[in-house]
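Open the model in your viewer and keep the selection panel at hand. The stops below go from the whole chain down to single residues.

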Amino acid sequence: MTTTQTEPVLAITDDALDKILELRSGEDDAETLGLRIEVTGVRGVDYTYDLAFEVIEEREQSDLVVDAGLPVIVPADDVEKLQGATLDLPSTAGQPGLVLRNPNRPTLPEPEELELTGELADDVRALLEQRINPAIAAHGGFAELVGVEGGDVYVRLGGGCQGCAMSRATVAAGIEQTLKEQLPAVTQVIDVTDHASGDNPYYS
C-alpha cells in the first residue's frame with residue numbers, strides 16, 4: 001500500500017519549488033502530477049538521479065509520497081538514500097536545471113590489502129590512488145596530493161574534475177569524507193586547484 005507522509009524525506013527550496021511548479025503548469029492535467037525523484041545509479045562518489053513528472057495515481061503501490069510543496073514520489077528503495085537531501089536551483093546564475101544536494105553517498109568498495117600505517121602524506125596518497133581516484137574516474141577526473149600541513153590535506157583536481165561545477169562538492173563530500181573515515185588525523189581537505197586556468201595558486 002502506498003505510504004503518504006507530511007514530514008518530507010527531502011526538502012525543496014522556495015526558488016526550486018517555484019521553478020518546478022512553473023514547469024508543471026505547462027503539462028497536461030498539471031494538478032494530477034507529482035515529481036518523481038529516483039536514484040538511478042552511482043557516478044564517482046555520488047548517486048545519479050532521474051527527476052520526472054508522474055501521474056500521482058499511477059505511482060507504484062510501494063512508493064512513498066511526501067508533501068514538499070507539491071507531491072514528491074520516492075521509490076521505497078530510495079528513501080534512505082535521499083533522507084535529508086535538498087532540491088535547489090544552481091548557485092551559479094544562469095546555470096540551467098536543478099541541483100539535488102544530498103548528504104548521503106554510496107558505499108564504496110573497501111581497498112584490498114591497503115595498509116595505512118605510514119606517514120600521513122603516504123597514507124593519503126595511497127587512498128587517493130587506490131580508492132578515491134578509481135571512483136572519480138567516472139567523471140573523467142583525478143585527485144593528486146599537493147601537500148600536508150598538520151591535519152590539513154591539500155589536493156589538486158585534474159581531468160574532468162578541473163573546472164567542474166561539482167568539484168567543490170566532490171572534494172568536501174567525497175574525498176574529505178573518505179580520508180577522515182580512514183585517517184582520523186585528517187582535519188580538512190582543501191582544494192587548491194585553479195579551476196579557471198588550471199594553475200595551482202597555493203603551491204607555485
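This is a predicted model: local features need pLDDT of at least 70, side-chain atom pairs count only at pLDDT 80 or more; totals for chains, interfaces and linings use all residues.

Residues are numbered from 1 along each chain as its sequence is written, and side-chain values use heavy atoms, with hydrogens and water left out.

Switch to a cartoon view to see four helices and 11 strands; these are DSSP runs, helices being H or I of at least four residues and strands E of at least two, numbered from the N terminus.

Next, select Leu10, Ile12, Ile37, Leu70, Val72, Leu82 and Leu87, the residues with the most contacts inside the largest nonpolar core, which has 21 residues. Such a core is a set of buried Ala, Val, Leu, Ile, Met, Phe, Trp, Tyr and Cys residues joined through side-chain atoms within 4.5 Å. Elements that each supply at least two of its residues include α1 (14-25) and β3 (33-43).

Now centre on Leu82. Beyond residues up to four places away in sequence, Leu82 touches Val9, Leu10, Ile37 and Tyr49, among others; contact means heavy atoms within 4.5 Å.

Then move to a second, separate core of 16 residues, which includes Val124, Ala143, Leu145 and Val186. Select Leu145, in strand β9 (residues 141-149). Is Leu145 buried or exposed? Leu145 counts as buried because its relative accessibility is 17%. Its contacts outside four places in sequence include Ala121, Leu128 and Tyr154.

Methods
Buried means under 20% relative accessible area, exposed over 50%, partly exposed in between (1.4 Å probe, protein chains only).
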